[in-house]
Amino acid sequence: MNRRNNIRRLREEEFDLCIIGGGASGAGCAFDAALRGLKVALIEKTDFAAETSSKSTKLIHGGVRYLEQAFKKFDFDQLRQVRHGLEERHILLQQAPHLARPLALITPVFNTRAGLYYSIGLKLYDWFASGRDTLPGSRWLSKKEARSRVPGLTDKVHSAVLYYDGQLDDARYCLTLVVSAAEAGAVVANHIELESFEKSETGVLHAAIASDQQDGGAEVRIRAKVFLNCTGPFSDRLRSLANAGLPSRIRPSKGVHLVLPHEILGGNDALLIPKTKDGRVVFAIPFEGKLLLGTTDRDCNEIDREPLLEAAEVDFLLDTLQPFLSNKLNKNMLLAGFGGLRPLIAAVGGETKSLLRDHEVEHDPESNLLSLLGGKWTTYRLMAKDAVDAVCKLLSIPVECSTQSRLLAGAEDYDAGFWKKIQANYGLDADISQHLAFKYGTRANRVAALAKAQPALRERILSEQPFIKAEIIYAVREEMACTPRDFLARRIRLEITGWQAAGAASEVVATLMGTELGWREDKVREEMRNYQILLDRFRESATG
Ligand SMILES: Cc1cc2nc3c(=O)[nH]c(=O)nc-3n(C[C@H](O)[C@H](O)[C@H](O)COP(=O)(O)OP(=O)(O)OC[C@H]3O[C@@H](n4cnc5c(N)ncnc54)[C@H](O)[C@@H]3O)c2cc1C
């Protein structure tokens, strides 16, 4: 994960495979391909997981809504998608148990008929998952039990139905995939943007021309036998750079989340709101001590601007949650919010909410570009397997995928009580030890060792939060963080759980990063100012 060294290697060496895009798809492919012994390069235009892969609902799921649609419409594609999700669910939970956990979801109902409907549906969901993992089955809860599990629930509910899925820290899971890929031999670099391709006379790609966004756009030319497009919502742009004759395939759809105080629901369980005004489901999910509420689903063609939470979306989501609560919500409760773009594969007409979340590996015979299109976080491993199978076929290298049983970095020797070892060995507070164990797994030892060697790094970044200064140094040295936002949004997730807290932390973060990266004083100030401007934009957009 030494960026400078990796960029030198990107320029000097020739690769079997160059992957463009460092979200879930690209990181998953890099890990899979490196494990198969391929010589792999992975480049990402901003930061790993900076786009859709850090902005999901963070569910590892087959999709109860897709199951409902499958049965209502006799749609076998939807059914296959649910099966894929449920097959992968237990693998994701096992691969990185520090970053993924089982999550209980509660669907409140207002009459017996609805309770019966969801009970039967969720039993079917259990049945589809059976034999694949060990999550508890669904069950119908009395009103009393439902309200004791979700203290904020209104007493107007009749009862509720409980079922289980998984939850992950999406950005850290992606980063951990990148680190695991690098440890398996992949050469990875963030803030490297692909600008164009070099082609042979017949149009076959043989080099990528990219620019280093941390070095004034300096050119990085990468030679590879095969190029794999993993740019999610931006896939069409890359496809047309490779071959201008290719028709568009992606129909980006914007989805937003807002973040509220955890006390609004209380407890550890999530709420599933089964039907919104526009016929979707909405989740209210505990995440990082806060409550994540989302999402929406609407066509979006402005993919060059970061999709922001807008005031009308705040109103819509608050109005959707309100009937399920005993207390009144108001907009001042908003702590943060974010928007993401689903990379849905286009169908003719129809609404984005009904488009399949399944994936496809496309090969363009003219340019030899492979594109991994569509999909969802839950199926990233299967998507990567299919894409790297196609790479191996093009390279005539018959090596099988082995990711099914591989642990990711930090999962080695990890168990739920690991944080106590960190506490005992390094004398850190319980909340800090838990935070380090849950975010870094057994690699928490390395963060804690930095704090032990330099006591100033034991200090908290913010007095009321468990993040410590050693994490900033670790993020720069071991996780390729290059900007305060890389750290605050993707490494510790503070940006997506509290704008005010992220702003308050930015000075310490920029200053320590600056020391580590050799920034001049004016560069530190500029980084801080730019970050504050960004947070102001988020607030303005959400408040209208
Ligand atoms: C609101 C929302 C909620 C969701 N919830 C869930 C959920 O709960 N569970 C689930 O399983 N799935 C969920 N998903 C879907 C899931 O998040 C996505 O399918 C997945 O993250 C897509 O990953 P990706 O790597 O394909 O795309 P991305 O994460 O967008 O990665 C593509 C990367 O390519 C990079 N890139 C683009 N152009 C270039 C270039 N020229 N050079 C270099 N790099 C480039 C981008 O910077 C980006 O980082 C959700 C999606 C959204 C939007």
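Guide: Three domains make up the protein: domain 1 (3–53 + 171–249 + 355–405), domain 2 (100–167 + 251–349) and domain 3 (418–543). Those bounds come from an automatic or database domain assignment. Before we go on, this is a predicted model, where local features need pLDDT of at least 70 and side-chain atom pairs count only at pLDDT 80 or more, while totals for chains, interfaces and linings use all residues. Residues are numbered from 1 along each chain as its sequence is written, and side-chain values use heavy atoms, with hydrogens and water left out.

Visitor: What makes domain 2 and domain 3 count as being in contact?
Guide: Contact means heavy atoms within 4.5 Å. On that rule, 15 residues from domain 2 and 14 residues from domain 3 take part. The C-alpha centres of the two domains lie 29 Å apart.

Visitor: How do you know how much area domain 2 and domain 3 bury between them?
Guide: Buried area is the accessible area (1.4 Å probe) that two parts lose on being put together, summed over both. For domain 2 and domain 3 that comes to about 1200 Å², with 57% of it on carbon and sulfur atoms. On the domain 2 side, E288, E306 and L308 supply 36% of the area buried against domain 3, more than any other three residues.

Visitor: Why is the pair E288 and K439 called a salt bridge?
Guide: The label needs a side-chain nitrogen of Lys or Arg within 4 Å of a carboxyl oxygen of Asp or Glu. E288 and K439 come to 2.6 Å, N to O, so the pair passes that test. The rule finds two salt bridges across the interface of domain 2 and domain 3, and 55 in the structure.

Visitor: And K123 with D126, what makes that a salt bridge?
Guide: Their side chains are 3.9 Å apart, N to O, so they fall within the 4 Å limit too. K123 and D126 are three residues apart in helix α5 (residues 112–129), which means about one helical turn separates them. A helix here is a DSSP run of H or I with at least four residues, a strand is a run of E with at least two, and both are numbered from the N terminus.

Visitor: What makes K58 stand out?
Guide: Most residues other than glycine have a negative phi, and most peptide bonds are trans. K58 is not a glycine, yet its phi is positive, about 75°. K58 sits in the loop between β2 (40–43) and β3 (59–60).
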